[in-house]
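Hi everyone, thanks for coming.

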Amino acid sequence: MKLTGSRLKLYGVLLLLVLAHVALRPRYMPSRYAPDFMLIALLFFAIRSRPGAGAVAGFLVGLLTDAVAPSGFGAGAFALTIVGFLAGWLKALVFPDNLLVNAVFVFAASWLRDALMVAASGALRGGDLGGRLLVVSPLDALSTAAAAVVALVIFRPWLRAAPAL
Amino acid sequence: MAIGAERYGSRADTAAFVVCVVLALVALALPAAVRTPVASALRRTVLLPAVAVEAEAASAREQRQSLTTLREQRDSLALAAARLPALEEENAELRALLRLRGRLQVGFATAEVLHQTGLADGLTLLLSAGRDAGVAPLAAVVAPSGLVGMIIAVDPHTSVAMAWTHPDFRVSATVVGDGVYGIVAARRGSAGGEVMELTGVPYRDALAPGTPVVTSGLGGVFPRGIPIGSVVGLLSEAAGWERTYLLRAAAPPAAVSHVLILSRSLAGDSLGAAFDTATAADTTQPPGGVVPAAPAARRARPRPARPPVPVSPGTSGPRPAGTPGPRPAGTSGPRPAGQP
């Protein structure tokens, strides 16, 4: 695969998002509702990739995420595989330049990721499960969607020209 | 690539998806004994840089929070330290007041000075004890260090005291260990401030600086032996008749926050023992009696021998008509309106 300039810019944006996740988030956003920059990076990649690449990327990101929280090892990989695949599959429906569509897309993906993770891990039941899916997950998804919009506005020139992989 | 192919992907995409899902389910199904080493291996290899950066970021956040906490603690300590001298001063005053209460035992009410308006305006003091506490008009108000003033108005729960700084305040005074009497009033004006003047001291009596001056008990308002102040120096003298001395007050009203209001029944008693001025209060003969010989240390210069002189209460000898000086006996306290 040939790395063109536009593709390098895309990878640069993804790298910045990963750095934001590991460096900025723990330092300046200690809240439990802090945005998930890794998910944003995955979605930015998947939406510009084939579904298979999105699935593989989701699996890898999920596996690494699970390694940090091994109690639900595999749940994140399972959830992000599906999210990555769906993001690649739905890319024809998502207009990369439309902020509102991107925000809704990221919100839905974040909530779906949480729902799949909770379902796969089986860690929550009853009221806890409802509270997680109806309160915590939407707030998480909201902050992640807001951060995705900001990132899209900042890096729009770099992302606009990025081709599908 | 056509839109249909983009949307549904190729077989390779589907295969990759299925493989990834199966691998994820396998990971989910791994027993804890297997998944823990796998996760640990990932953290130690692939995730090592990310974990290190994240740990560094978390440490930085903790340090920032610690710095904020330390700054808050430092500010709190600085604030507490700034209040410490005032608290120590109040503590010492309250301890002295407790000792005085223990010596007086009965016949007083404790009160807090509610509004101190400063040096210039501290002529009257609002006290937190009133008629319900047994406070009556003309009751003496004292602090551990000495006389503060007297009650001039009483409400059920509060009372108003005329401080000795008030222009109308007068108190009959005597010198500790001596037979010298005079009238003490506030001295205000160019050389004023919170200082007093002792007027009406006979010309033959010279007082050395530092000589303590206490209430004489004359006039029936203030008990004997309450410290008023100490002699600073000679202010003026009317040739051949009297001397006026400048006094340093024992209890500046602005510095007093808690006081004792003495019962009117104590007006005829001596509080020399309570204030450690027993020598003066109890050995000094009241006016009308024989004035004892003065200790040599109290005399700046010797007096000629003289027969016992009956001393009018509140005065220390005759003075020419029209000469400003102490008021007649029994006039300790506020002057009637119109009286100079």
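Predicted model: local features only at pLDDT ≥ 70, side-chain atom pairs only at ≥ 80, totals over all residues.

Chain B has 340 residues, and 38% of them are buried. Its secondary structure comes to five helices and twelve strands. If you take the contacts in chain B between residues at least 6 apart in sequence, 64% of them join residues at least 24 apart.

Now, let's zoom in on strand S6 of chain B, residues 171-175. Is this strand enclosed or open? Five of its five residues are buried, so S6 is largely enclosed by the rest of the structure. You can see that on both faces: B:Val171, B:Ala173 and B:Val175 are buried on one side, and B:Ser172 and B:Thr174 are buried on the other.

Which strands pair with S6(B)? One is S7 of chain B, residues 181-187, which runs antiparallel to S6(B) and is joined to it by four bridges. If you want a landmark there, B:Ser172 has B:Ile183 as its bridge partner in S7(B). The two strands form a hairpin with five residues between them, and in the turn B:Gly177 has a positive phi of about 75 degrees. Another partner is S9 of chain B, residues 212-215, also antiparallel, with three bridges to S6(B). Here B:Val175 is paired with B:Val213.

On to the cores. The largest nonpolar core has 59 residues, and those touching the most other members are B:Leu147, B:Val148, B:Ile228, B:Val259 and B:Ile261. Take B:Leu147: leaving out residues up to four places away in sequence, its contacts include B:Trp164, B:Phe222, B:Ile228 and B:Val171.

Finally, how do the two chains meet? The contact takes 30 residues from chain B and 30 from chain A. On the chain B side, the elements that give two or more residues are helices H1 (3-8), H2 (11-29), H3 (32-44) and H4 (48-104). Of these, H2(B) gives the most, with eleven residues. By class, that side of chain B has 21 nonpolar, two polar and seven charged residues.

That's my tour, and I'm happy to go back to any part of it.

Key
Residues numbered from 1 in each chain as written. Chains lettered and ligands numbered in written order. Core = buried A, V, L, I, M, F, W, Y, C linked by C-beta atoms within 7 Å. Buried ≥ 20, exposed ≤ 12 C-beta atoms within 10 Å, placed from the backbone. Contact = placed C-beta atoms within 7 Å. Pairing = 2+ DSSP bridges. Nonpolar A, V, L, I, M, F, W, Y, C, P; charged D, E, K, R; others polar.
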